[in-house]
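Hi,

Here is the structure I promised to pass on. Have a look at it first, and then read my notes below.

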Amino acid sequence: MESGTPISQEELEELREAFTKIDVDNNGFISKEELNELFRAANLSLPGYRIREMVQEMTQDSNQLSFQQFTQMVHGLKSTEVAKTFRKAINKKEGICSVRGTSEQSGTQHSYSEEEKVAFVNWVNKALEKDGDCDHVLPMDPCTNQLFSAVGDGIVLCKMINLSVPDTIDERTINKKKLTPFTIQENLNLALNSASAIGCHVVNIGAEDLKEGRQHLVLGLLWQVIKIGLFADIELSRNEGL
């Protein structure tokens, strides 16, 4: 964790207020997805991938972040206006969509960035525009939620994994025609197992989550797949002899 300027009592109170507003069920924790969107909304000068890595480092055994972990992370990124920026971001929350969790009783909420969704839709549309196996769902309209239903049969996910790490999945094993609930389940399991094999974190993501198009899980998985492909391209460009 990077060292930073100590957080004053006033700023600590600002952060407590921000944390409380995110902690919608008042259980003392916020989800990693919500924190990621908060950093994005606060316009902190840190790449998105670094934010995700920091969250993973601090919550290796959990999907939630305590207030103490939250303040430790902010301390590492400390700037003079960070607490006020967080407060403004929380109060405004422009471009961030909230969705209810699976449990009505828990009141859990997850959030995702509309801007992030649009970027992923455009990326997938471009990457798979010439793949006839995806004609039934592409192109997607970035202004809608088509992305979350498009991944439901597993074909797009399998194709994206192969784009990031070629030949991870044998194309012959992907069910593409006359899909049934059973063959769709096979595709989704294949996508999840293959995503894990190339280095994605798929803990707490199941085939049913993808089939139902759970927004924060779909976007989180897609980001990991795309990031792995981008990093692979960077490494190859640095080693032209490979």
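What follows is a short tour of what turned up, helix by helix and then loop by loop.

Keep in mind that this is a predicted model.

Helix H8 covers residues 155-164 and is mostly covered, with nine of its 10 residues buried. Those nine are Ile155, Val156, Leu157, Cys158, Lys159, Met160, Ile161, Asn162 and Ser164. You'll notice that the list has a lysine in it, Lys159, along with Asn162 and Ser164.

Which residues of H9 are buried? They are Thr183, Ile184, Asn187, Leu188, Ala191, Leu192, Ser194 and Ala195. If you want to read that list against helix geometry, an α-helix has 3.6 residues a turn, so residues three or four places apart point the same way. After H9 comes Gly199, which has a positive phi, near 115 degrees.

One is Asp167, with phi near 70 degrees, and its place is in the loop between H8 and H9. Is Asp167 buried or exposed? Its relative accessibility is 72%, so Asp167 counts as exposed, the cut-off being over 50%.

The other is Asn204, again with phi near 70 degrees. Asn204 sits in the loop between H9 and helix H10 (207-211). Asn204 counts as exposed too, because its relative accessible area is 52%.

There is also a cis peptide bond, between Leu138 and Pro139, with omega at about 0 degrees.

Which residues make up the nonpolar patch on the surface? Trp123, Leu230 and Phe231 form it, and together they have about 270 Å² of accessible area. Trp123 comes from helix H6, which spans residues 114-127. With a relative accessibility of 40%, Trp123 counts as partly exposed, since that class lies between the 20% limit for buried and the 50% limit for exposed.

That's the lot from my side.

Cheers

Key: Residues are numbered from 1 along each chain as its sequence is written. This is a predicted model: local features need pLDDT of at least 70, side-chain atom pairs count only at pLDDT 80 or more; totals for chains, interfaces and linings use all residues. Side-chain values use heavy atoms; hydrogens and water are left out. Patches are made of residues with over 30% relative accessible area and no salt bridge: like charges are joined within 9 Å, nonpolar side chains (Val, Leu, Ile, Met, Phe, Trp, Tyr) within 5 Å. Accessible areas come from the Shrake-Rupley method with a 1.4 Å probe; for residues, only the protein chains shown count as cover. A salt bridge is a side-chain nitrogen of Lys or Arg within 4 Å of a carboxyl oxygen of Asp or Glu. Helices (H or I, at least four residues) and strands (E, at least two) are DSSP runs, numbered from the N terminus. Buried means under 20% relative accessible area, exposed over 50%, partly exposed in between (1.4 Å probe, protein chains only).
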